[in-house]
Amino acid sequence: MGGTRAVGLLALGSFAMGTDAYAMAGLLPDMGADLGVSVSLAGQSVTAFTLCYALAAPLFSAVLARWGTRTVLVAALVVFVLANSGTALAGSYAALLGSRALAGAGAGLFTPAAATAAVALVPPERRGRALGLVLGGMSAGTVLGVPLGLLVAAGSGWRAALWLVTALGLAALLGVAAALPPVRGAAAPSLRDRIGALARPRVAVVVAVTFTQTVASLGLYTYLEPVLHRVADVGSAVPYLWVWGIGGVCGSFLAGTLVDRTGKPARLAVTLLGVLGGALALLPWTGAVPGLVLLPLLVWGAVGWAFVVPQQHRLLAGDSSGTGAAAVGLNSSATYLGGAVGSALGGLALARGLDARLLPLLAAGAAFAGVLLHLTVARRTTGPVLPDNAHGAGAAAEAPERNAS
């Protein structure tokens, strides 16, 4: 199978992950009513998913460090499918939290391995676009999968939406297991590799900035429905989630092209983060004009998803011995740790009576804090993010094949 088609399989897996992770925001009211808990408490199922992604996945990856890329991807999808089946069958709040945590571990294994594999499967000049395609698969899940899942939930209940996600994950599992070619390089870096990568100052800065971005973006997204109800008095959040996802697809695909053409991923990342902060800060003031709220949602989706591409590209550039895979794993963990912290704090704020209209302003503050961190700390570090003894974002993939399944 050619590299482009193989990357398409990885994008299909990302599509299933995106549908699962982002459909939950629209399912929280029905889930809470069914299980007898509040929306803010139901939102902690998102925290369980993201926290387990961030913390448990690196530990599992350390255990699986000697497995080949394809084996890790298949194992991750098996866990993902079983976990979503468990969510669909959950009869208690505890079962819901447990199954969402397991799904987060599966997603945490899949995403960094898929990014590393995508880079290894294509020529150097197409690696930014390959990363954009994989990430675009996840954002496409928000455009196509999330509205479809919410439509299914409206007709047949929230559990039916989870069965849809399970079916998508199963389709990705069968495709990857049957057709993904061997990929060079270790897909699952050890815990020592991850800690060693974090000890590099510029890697630590990239990961920290990613954390602040996802506190703002993913944390706020969890409670988008109550925010929209308060800001613009909307009934169903589905059309607005769709607009956000359309922006995400556009941002994911365009970001890869911009990285390849400009060769300045650091500058692109901080610009996108600043635009994100501006869009979130404007969101509470758009309710007075009908339809105006769609504009910051579109921009938020576009820059929020685009941001990941230059960040991962920076971490993979100059990799010659698998350090890039460890750095990408750290960045993925930071992504979901930020989402976990953001959703936990948002749920706590709502439970304490904070006006939902103020949540976007707090999220904007987190985004601007990331910009400040980048500008003040990144400039004090010198040299490449990783040792500059290789050329291109996936030099490890050009070395002799190691641990390929």
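## Basis of the description

Helices here are DSSP runs of H or I with at least four residues, numbered from the N terminus. The model is predicted, with pLDDT of at least 70 needed for local features and 80 or more for side-chain atom pairs, while totals for chains, interfaces and linings use all residues. Residues are numbered from 1 along each chain as its sequence is written, and side-chain values use heavy atoms, with hydrogens and water left out.

## Nonpolar cores

A nonpolar core is a set of buried Ala, Val, Leu, Ile, Met, Phe, Trp, Tyr and Cys residues joined through side-chain atoms within 4.5 Å; buried means under 20% relative accessible area, and exposed over 50% (1.4 Å probe, protein chains only). The largest such core has 102 residues, of which Leu 10, Tyr 22, Leu 27, Tyr 221 and Trp 300 touch the most other members. Helix H1 (residues 3-35) gives the most to this core, namely 15 residues. A second, separate core contains 14 residues, among them Val 119 and Leu 330.

Thr 87 belongs to helix H4 (residues 69-89). Its relative accessible area is 0%, so Thr 87 is buried. Its side chain makes a polar contact (a pair of N or O atoms within 3.5 Å; within protein, one must be able to donate a hydrogen and the other to accept it, and residues adjacent in sequence count only if both atoms are side-chain atoms) with the side chain of Ser 99 at 2.7 Å. Another polar contact, of 3.5 Å, joins the side chains of Thr 87 and Arg 100.

## Leu 282

Leu 282 lies in helix H12 (residues 265-282). Leu 282 is exposed, because its relative accessible area is 53%.

Definitions and conventions: Helix = DSSP H or I, 4+ residues; strand = E, 2+ residues; numbered from the N terminus.
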